[in-house]
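Hi everyone, thanks for making time this morning.

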Amino acid sequence: MRSTTRQHGFTLVELIMVIIIIGVIGGMVAVFMKGPIDAYIDSGRRAALTDVADTVVRRMARDLQGALPNSIRPGPAGTNCLEFIPTKTGGRYRATGAGSLDFAAGSSSFNMLGDNATPPIPADQLIALNDVIVVYNLGFAPADAYTGTNWETVNAAPTVSGTPPETTISLSSTKVFPLESGSRRFHVVPGAERMVSYVCSGSSLRRTASAAFTSTASCPVGGPVIANNVNCAAASTWFNYAGNDNLQRNAVVSMGLTISDSSGTESITLQHEVHVSNTP
């Protein structure tokens, strides 16, 4: 017997209508989705720029907070630069008795109270050959590390002896330090990195280290790049150091870092302040 069941399907016109309707609905959905998707991409790009800027200013803040007191200085006029003398550690010197630091006749060695070599002191904080000992830096005569009046080089590895332990530090010459520290403190500057400059030039921020002091700010353009696509326009106030007046003991370094994406279409500006204790 022959089946009388009829076969049903879509006509070509019906298929075309369905395709048209799906296309219209898809276009409407795309219009509504474009805004949120673009916002998500933009927020991700801004977050990446903010992360780069935040990393840079925090690294600078760590450097500046470890700077030798009264050593931070702005660069020459028309430049976006900040220079300072870094320190790796410090200590208290013996003021009386054998091994004391003589401020009248000078000393070729002196004793630091405590042990310089016993762990858990990190290796990069140990006093070593060619490091620089600075006593009571004021940033001007007669105690200015930039002009060499109040520092001397360590010429031998320190030795530890006695109970309680004291560390003997030998100097390259019989040094007469001009001023005594009221708290009997001294600072240690790493021999290979005696001066650090943060220079914003072109579109790059660089950190340059020097093994020599200069009496005036030089701000050499070199060293590793810390950040790219930075607004280094000389007309903008990128670094501002307030420390030459009544704020000298508690100075403030203000930073305004403007950084752009690789296309230059979007930029963010991050403001940051670093409080610096200039008590020598």
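Let's start at Tyr93, which is buried, with a relative accessible area of 1%. Please keep in mind that this is a predicted model. So what does Tyr93 pair with? Its partner is Phe103, in a tilted aromatic pair with 5.7 Å from centre to centre and 50° between the planes. Both Tyr93 and Phe103 sit in the loop between β3 (89-92) and β4 (107-113), so their pair ties together parts that are ten residues apart in sequence.

Now over to another pair, Trp151 and Phe213. Their ring centres are 5.1 Å apart and the planes make an angle of 55°, so this pair is tilted. Trp151 belongs to strand β6 (residues 151-153), while Phe213 is in the loop between β11 (204-210) and β12 (225-228), so here the pair ties together parts 62 residues apart in sequence. Are these two buried or exposed? Trp151 and Phe213 are both buried. The structure holds five aromatic pairs, and the two I've shown you are among them.

Let's step back to the whole chain. Of its 280 residues, 36% are buried. As for overall dimensions, the C-alpha atoms fill a box of roughly 125 × 55 × 30 Å along the principal axes. The radius of gyration is 31 Å, whereas a compact globule of 280 residues would have one near 19 Å.

That's my tour, and I'm happy to take questions!

Terms used: Residues numbered from 1 in each chain as written. Predicted model: local features only at pLDDT ≥ 70, side-chain atom pairs only at ≥ 80, totals over all residues. Heavy atoms only, no water. Rg over C-alpha atoms; globule rule 2.2 N^0.38 Å. Buried < 20%, exposed > 50% of the residue type's maximum accessible area, 1.4 Å probe, protein only. Phe/Tyr/Trp six-rings, centres within 6.5 Å; stacked < 30°, edge-to-face > 60°. Helix = DSSP H or I, 4+ residues; strand = E, 2+ residues; numbered from the N terminus.
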